[in-house]
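Subject: Structure handover

Hi,

Here is the structure I promised to pass on to you.

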Amino acid sequence: MTAPLTARIAEEFRAAASRLPAGVVPPQRREELLAVLTREGLPTSRDENWKYANLRALERMRFAPVAPRTEPSLLAADLPAPIQGYARYTFVDGVFAPALSCPLESSSGVTLSVASRSREASERLAAASALPAPADARFAALNEAFALDVARIRARTGAQCPACMELLFVSTGDAESGAAYPRLELDVEPDARLGLIERHVSLGAESSFSAPAVDIVLGRNAAVDHYRVQEMGPKALWIDTLTAGIAHGAAYRLYMVSLGAASARSTIQVRLTGELAEVGLHAVCVADRHQVHDTFALVEHAAPRAKTEQTFRGIAGGRARAAFNGKVIVREGAHGTDSRQSLRGLLAGPEAEIDVRPQLEIYTDDVRCSHGATAGKLDDDMLFYLLSRGLERDTAQRLLKWAFLEDVVAKIAVPELRRQIERSLAGQMNETTALKELL
Amino acid sequence: MLIIEDLHVTVGGKKILNGLTLEVRAGEVHAIMGPNGSGKSTLVHVLAGRPGYEVTRGRVTFDGRDLLALAPEERAREGVFLGFQYPVEIPGVNNVYLLKAAVNAARKHRGLPEVDAFEFLDLVRSKMKLMQMDESFLSRGVNEGFSGGEKKRNEILQMLVLEPRLALLDETDSGLDIDALKIVANGVNSLRSPERAFVLVTHYQRLLDYVVPDRVHVLVRGRIARSGDRTLALELEKRGYEWVAGEAA
Ligand SMILES: Nc1ncnc2c1ncn2[C@@H]1O[C@H](COP(=O)(O)OP(=O)(O)OP(=O)(O)O)[C@@H](O)[C@H]1O
Ligand SMILES: [Mg+2]
């Protein structure tokens, strides 16, 4: 099954090669990545960590990137409302759209360059983002092989506290016209601080394929709050890879909200490379109808006294499936590791499915690792309590669903973004208004 | 107001209530006592509409209407309130949200517009004062991390805000210190009126010193083994349930 797929990828690559910009990824590098893909093949549902994502849909997709539009037909008004204080950079089908962007002031200490890799930055990335050992970079390789553009962000030392930016990836293409490869390389220098919103939306309900790749390096004592929102159209196939390397004393906090797409898969791989490094991975997803939301989140503790906190809250209704596989590996010598996982799924439909799986691999003594995982229906006692106070059954159930998501949603510290997310969550749960706004 | 006739209830195939008959009239306070496991909580749960109970015989009317035919939320809106023996914690659902949603549900039922936000807060604050509860409880999750006594006070707070016509209080006095017991009793007494009735499930005579009942019933093995006035509670305190149970058998 994969053999013909990689053969087709290679074919589409040849045909598209002349329009893949060398300034984004050098041709030689692209060729190497293609060779890797051809050798390894794309994952299939038989692969250990790929049981849930709907990979068969790939067979219907084109891999060559959508041809960039000469005349951008989008207006700023078509896009989600901007978040005050966050400079916006918009990419349409993976290509930077300056007309729809509103860049940062140059004094902010953050530079964003589109497709001009500074040599120094690329070396730092190469050195620091060495993937965790059992890494899965196949879709990231696909992304890099085909990328038309890349957002390269470099947050400099002494950046004002904190610099804030939003990357908006808009997909307008359909499956016939080609794929989108949103690409972000983030280099946060020592001590720098950054607030980053990353959103993926599609305009139009056509089926489409995007394979975003995000590569992040946090220097010593740097801190990043990264909010990722996936709100693709109902027929989209979205397969995403995020890789991060966290140096000594640095803190990376990732908040992921997954709402859209027919099938969405995130492969998150974080490596704590320095002592006292910290990562927080907090994810919510609400899947309905036939949607599949699947996340694989791997954190590797490669240095002592580093800390991980993983929270997942997923609701599956209709015939949807929500899966979260959270894996923590504690390497030899990573003593004093502190890792906590709390993974919970809520079944909101008789034919829905939840799969939450915490996994721990520990190769050292002296660690504190805890994990809890639950999957179940709404609690009958809680529901009865609310009904006994006169609440409509529907209201009571909604209230309990909100409460379930609250552990993660409450952590979103950008009020405007949180409100937008709450509204989207409400929409996804078939509510006209966010219940919380009513109350 | 409430008429229970020959009520038989099984739970998980086990017979718990066994031909229970009881009438509570508007304005009355009834105390229900009885040994552990005799079916007191089962009775109030069945009245409030908790799922999982099978009524195999008998009927219950509330103001002439078939109570058992109503969904739990409808019973609440008709004015039935259950103060739980073990109030559940609901993290993430704000205490004040719940109160407001409950008040608005009742108002909607009566064809009234939603409560004004400021008036509502004033009302809640005044009731909290009566219950000697700190306002910080408002923004916490429902019963989340509350101590046993705080949970019970929170039940009474909800009762005061909702002003039910029939309050079923299941061991609201258990786990309360002496001061809290008086506070809870004050709360109950502040609602007593000719239109309202109370059913107090309790193990202790003490509560009945503060909330003086019109009738006291002893529940043994799923039926009322003896009824009397308040002196029955005193006698039970002295002689224990063996006395009633023996007589009933
Ligand atoms: N789901 C169930 N399955 C089987 N038995 C049950 C179930 N629920 C309750 N019971 C039994 O029903 C009986 C009555 O329980 P209930 O809670 O009504 O007693 P109670 O009088 O309130 O006791 P207490 O004074 O201890 O609160 C008990 O023996 C209890 O074990
Ligand atoms: Mg009981």
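**Where the two chains meet**

Between chain A and chain B, 8 residue pairs are in polar contact, with both partners at pLDDT 80 or more. Please keep in mind that this is a predicted model. The largest share, 6 residues, belongs to α5(A). Sorted by class, this side of chain A has 10 nonpolar, 6 charged and 2 polar residues.

In total, 18 residues from chain A and 30 residues from chain B take part in the contact. About 2,100 Å² is buried between the two chains, and carbon and sulfur atoms account for 69% of that area. The interface also holds 3 salt bridges. One that you can look up pairs B:R50 with A:D381, where the closest N and O atoms are 2.5 Å apart.

**Around ligand 1**

The ligand is surrounded by 14 residues, and the closest are B:G37, B:K40, B:S41, B:T42 and B:H203. By class, this shell has 8 polar, 3 nonpolar and 3 charged residues. In chain B, β2 (14–24) and α1 (40–48) each supply at least two residues of the shell, and α1(B) gives the largest share with 3 residues.

Oxygen atoms of ligand 1 lie 3.0 Å from a side-chain N or O atom of B:N36, 3.1 Å from one of B:Q85 and 3.3 Å from a polar side-chain atom of B:E171. Taken alone, ligand 1 exposes 640 Å², and the protein buries 63% of that.

Best wishes

Technical notes:
Residues are numbered from 1 along each chain as its sequence is written. Chains are lettered from A and ligands numbered from 1 in the order in which they are written. This is a predicted model: local features need pLDDT of at least 70, side-chain atom pairs count only at pLDDT 80 or more; totals for chains, interfaces and linings use all residues. Side-chain values use heavy atoms; hydrogens and water are left out. Contact means heavy atoms within 4.5 Å. Buried area is the accessible area (1.4 Å probe) that two parts lose on being put together, summed over both. A salt bridge is a side-chain nitrogen of Lys or Arg within 4 Å of a carboxyl oxygen of Asp or Glu. A polar contact is a pair of N or O atoms within 3.5 Å; within protein, one must be able to donate a hydrogen and the other to accept it, and residues adjacent in sequence count only if both atoms are side-chain atoms. Helices (H or I, at least four residues) and strands (E, at least two) are DSSP runs, numbered from the N terminus. Ala, Val, Leu, Ile, Met, Phe, Trp, Tyr, Cys and Pro count as nonpolar, Asp, Glu, Lys and Arg as charged, and the others, Gly among them, as polar. A residue is near a molecule or strand if one of its heavy atoms lies within 4 Å of it. Accessible areas come from the Shrake-Rupley method with a 1.4 Å probe; for residues, only the protein chains shown count as cover.
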